[in-house]
Amino acid sequence: MVQSIRPFIAVHPGELVKDEIESRGISQKKLSEIMGVPYTMLNEILNGKRNITSETALLFEAALDINAEMLLNMQSSYSLQTARKNKDLTARFDAVRRAYAALML
């Protein structure tokens with residue numbers, strides 16, 4: 001079993017971007033105009049209700065000079081942490097582990 005250190009609470013990368021634009025005094029509406037994306041889409045990202053895609057990460061990089069790879073890595077980590085906490089998926093993972101262990105006997 002692979003063991004690694006994981007944050008206690010999963011942090012959506014949109015929270016980081018939201019904090020950044022607030023500290024810079026940029027409104028979400030203005031940023032959505034600059035990036036050329038719908039306001040509702042941007043708002044959902046900043047509130048952790050929508051994932052950051054490669055395209056949006058590159059748009060944040062262009063608009064705010066926040067590294068796109070870092071945002072995508074954060075999104076990937078967040079998505080994995082969220083999936084690991086999903087009880088239905090956890091049950092499937094356990095079933096797969098048991099089936100694999102039985103094959104190895």
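Helices H4 and H5 are oblique to each other, a class for angles that are neither under 35 degrees (roughly parallel), over 145 (roughly antiparallel) nor 65 to 115 (roughly perpendicular). The model is predicted; local features need pLDDT of at least 70, side-chain atom pairs count only at pLDDT 80 or more, and totals for chains, interfaces and linings use all residues. Residues are numbered from 1 along each chain as its sequence is written, and side-chain values use heavy atoms, without hydrogens and water.

Helices here are DSSP runs of H or I with at least four residues, numbered from the N terminus. H4 spans residues 54-64 and H5 residues 68-84; their axes come within 8 Å and cross at roughly 140°. Such axes are lines fitted to C-alpha atoms over the stretch in contact, with angles from 0 to 180 degrees between N-to-C directions. In contact (heavy atoms within 4.5 Å) are Ser-54, Ala-57, Leu-58, Phe-60 and Glu-61 of H4 with Ala-68, Leu-71 and Leu-72 of H5.

A second pair is formed by H2 (residues 28-35) and H3 (residues 39-46), whose axes come within 9 Å and cross at roughly 115°. Here Gln-28, Lys-29, Leu-31, Ser-32 and Met-35 in H2 meet Tyr-39, Leu-42, Asn-43 and Leu-46 in H3.

Gln-28 belongs to H2. Its relative accessibility is 16%, so Gln-28 counts as buried, the term for under 20% relative accessible area with a 1.4 Å probe and protein chains only. Leaving aside residues up to four places away in sequence, Gln-28 touches Lys-18, Ile-21, Tyr-39, Leu-42, Asn-43 and Leu-46.

Definitions and conventions: Helices (H or I, at least four residues) and strands (E, at least two) are DSSP runs, numbered from the N terminus. Buried means under 20% relative accessible area, exposed over 50%, partly exposed in between (1.4 Å probe, protein chains only).
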